[in-house]
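Below are some notes on this model, point by point. Please read them with the structure open.

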Amino acid sequence: MKPSRVVVTQKSEWSVNSDLLVYCLEQEKNKVPVSPLFLKKPIKQAYDLGDFKAKKKDRLLLYPPVFSKKKEIKAKRILVMGMGKIDKKAGNNETGELLRLLGGEMAKACAELKVKTVTVCLPDLPSLGMDKTAQMITEGVILGDYRFLKYKKTSVKKDDYTGLGTIRLAAGKQQVSAARKGMVLGQNAARAACKARDMANEPGNGWTSIEFAAYAKQLADQYEFTYTCFEKKEMEKLGMGGILAVNQGSAIPPKMVILEYRSGKPADTLLLVGKGITFDSGGISIKPAAGMEEMKYDMCGGAAVLSAMQAVGEEKPDVNVVAIVPATDNMSGSGAVRPGDIVRHFNDVTAEIVNTDAEGRMILADALSYGIKTYSPDGVVDVATLTGAVIIGLGHHHTGLMSNNDKLSENLINAGEEAGEPVWRLPLTKDYIKQIESTVADIKNIGGRPAGSITAAAYLSKFVGKTPWVHLDIAGTAWDYTEKSYIPKGPSGICVRTFISLIRNWKTGMLK
Ligand code: BES
Ligand code: MN
Ligand code: ZN
């Protein structure tokens with residue numbers, strides 16, 4: 001799908017042609033909501049009838065000729081939307097999320113009306129500022145306008161709605177430059193998240209390790225990143241026994257995909273590692289058939305990491321960022337790894353594979369230890385659809401966080417809060433590490449039923465040493481995420497915007 005175009009204009013909003021002109025009004029206590037003069041009459045009418053109070057999700061659709069004689073309004077329709085009561089003392093994150101949700105509602109309204117061009121009159125919210133206002137509305141509209149139509153061929157009709165063409169944001173003369181800055185940030189973040197959704201929506205035969213590598217290469221060419229991709233031969237030489245074992249039952253080669261962004265200044269290095277299992281059948285410890293098709297989403301961590309790099313390429317932040325995606329599917333072909341097999345990881349730690357369905361930790365182990373040894377990062381974040389257990393613990397509303405470092409954890413929790421992607425920390429103490437002790441190898445790849453998400457993190461902890469590290473388990477949030485106007489059914493693009501926030505806020509030395 002062609003991405004929609006977003007522009008900021010300082011022309012008065014009624015002078016521009018568009019299919020829809022949107023106003024956002026605050027709810028007043030027992031009063032008619034305050035609106036532009038020319039809307040006063042119809043709004044009072046609707047208010048008196050009890051049809052429109054400007055509560056959240058309140059909408060009023062109007063058609064210009066009915067009420068405007070003096071000014072010629074060029075838009076075909078006007079949509080007045082309620083924002084509810086805005087708490088002036090609420091933090092930016094809360095108000096920001098309110099606007100993102102509003103943006104999502106706008107996209108929905110546009111789809112219902114089959115609108116191609118929309119002009120949004122940006123509300124003036126001094127507590128938030130025009131930059132953040134534009135940023136959040138842009139994010140919400142683009143995220144809410146997302147759809148995946150690539151494989152819809154004969155089932156779509158010619159005039160079926162395919163999404164917005166142009167989104168115009170109208171701001172006053174004094175505010176255009178702030179609005180434009182915010183719009184660009186919102187656009188970078190939302191487009192990156194939509195890219196992650198695209199990758200995730202691709203089926204197991206449409207997005208393999210090969211597509212992961214090709215996309216990374218494309219980003220490298222576009223943004224001058226350093227691109228490295230280890231093929232099977234090189235993995236063998238390097239001793240990456242985890243990813244090789246997981247790949248054994250597959251007909252598709254494994255790839256370790258690496259992108260490096262250098263800020264060009266003395267700066268910290270952040271390492272991002274994302275699980276890139278392009279389909280998880282479970283291997284010999286095969287999964288039940290019902291719902292197995294969802295395991296095409298098992299690469300959402302890898303997608304998040306590469307998508308974040310897309311935004312890094314756009315914004316060129318003052319922190320070095322290295323992204324690694326170990327990519328393969330987990331299949332049960334004749335060469336497949338067996339339960340009981342023992343493998344040796346990149347850092348020489350040996351592991352007994354008790355369950356071949358606990359494959360994510362095995363590919364991450366090699367990527368983490370290789371990345372830390374090679375790049376000596378100041379901080380490491382891995383992200384993975386790692387355990388069903390995190391869904392039992394946190395449901396679909398929080399990403400699970402486990403870490404060896406309070407400062408990095410705090411930074412991630414704040415970044416998640418800012419992105420509207422909440423994260424919840426679970427304990428990772430040495431008691432859990434006992435659960436993965438093996439009788440025949442250094443560790444085993446499962447730790448029994450209790451605390452399944454934490455024992456998975458315990459496994460990973462063996463590969464990060466003392467480097468500040470955060471593990472994010474997105475099994476509950478990568479799809480079926482909390483219902484929100486800007487989150488479609490299917491993959492959410494979770495953590496892309498959290499990473500972008502983390503990177504934008506990064507201060508060199510902050511973990512010291
Ligand atoms: N990819 C799955 C985790 C998963 C499950 C993600 C459900 C999303 C929804 C992972 O590879 C897996 O199979 N984990 C096992 C681990 C177990 C064998 C210790 C699980 O969670 O059941
Ligand atoms: Mn699995
Ligand atoms: Zn998996």
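1. Start with Glu-421. This residue is buried, at 3% relative accessibility (buried means under 20% relative accessible area, exposed over 50%, partly exposed in between, with a 1.4 Å probe and protein chains only). Arg-497 also counts as buried, at 4%. Glu-421 and Arg-497 form a salt bridge, with the closest N and O atoms 3.4 Å apart. A salt bridge here is a side-chain nitrogen of Lys or Arg within 4 Å of a carboxyl oxygen of Asp or Glu. The pair links distant parts of the chain, 76 residues apart: Arg-497 sits in helix H14, and Glu-421 in the loop between helix H11 (406-419) and strand S16 (423-425).

2. A word on provenance. The model is predicted: local features need pLDDT of at least 70, side-chain atom pairs count only at pLDDT 80 or more, and totals for chains, interfaces and linings use all residues. Residues are numbered from 1 along each chain as its sequence is written, chains are lettered from A and ligands numbered from 1 in the order in which they are written, and side-chain values use heavy atoms, with hydrogens and water left out.

3. Arg-497 has another partner. Its side chain meets that of Glu-139 in a salt bridge, 2.8 Å from N to O. Glu-139 lies in helix H3 (residues 130-144) and Arg-497 in helix H14 (residues 496-505), so the pair ties together parts that are 358 residues apart in sequence. Helices (H or I, at least four residues) and strands (E, at least two) are DSSP runs, numbered from the N terminus. Glu-139 and Arg-497 are both buried.

4. Which salt bridge does Lys-255 make? Its side chain meets that of Glu-231 at 2.7 Å, N to O. Lys-255 is in strand S8 (residues 255-261), and Glu-231 in the loop between strand S7 (226-230) and helix H6 (232-238), 24 residues apart. Lys-255 is buried, with a relative accessible area of 10%. Glu-231 is partly exposed, at 31%. The whole structure has 24 salt bridges.

5. Now the aromatics. A search of the whole structure finds 10 aromatic pairs. Rings of Phe, Tyr and Trp (its six-membered ring) pair if their centres lie within 6.5 Å; planes under 30 degrees apart count as stacked, over 60 as edge-to-face and the rest as tilted. Phe-225 and Tyr-261 are edge-to-face, 6.2 Å centre to centre with 85 degrees between the planes. Phe-225 lies in the loop between helix H5 (209-223) and S7, and Tyr-261 in strand S8, so this pair ties together parts 36 residues apart in sequence. Phe-225 is buried at 7% relative accessible area, and Tyr-261 is buried at 5%. Elsewhere, ring pairs link Trp-207, Phe-212 and Tyr-215 into a cluster.

6. Last, ligand 1. There are 17 residues around it, of which Lys-287, Asp-298, Asp-357, Glu-359 and Gly-388 come nearest (near means a heavy atom within 4 Å). An oxygen atom of ligand 1 is 2.8 Å from an N or O atom in the side chain of Lys-287. A polar side-chain atom of Lys-275 lies 3.2 Å from a ligand 1 oxygen. A backbone N or O atom of Gly-388 lies 2.7 Å from an oxygen atom of ligand 1. The protein covers 78% of the 510 Å² of accessible area that ligand 1 has on its own (Shrake-Rupley method, 1.4 Å probe).

Technical notes:
Polar contact = N/O pair within 3.5 Å; in protein donor to acceptor, adjacent residues only side chain to side chain.
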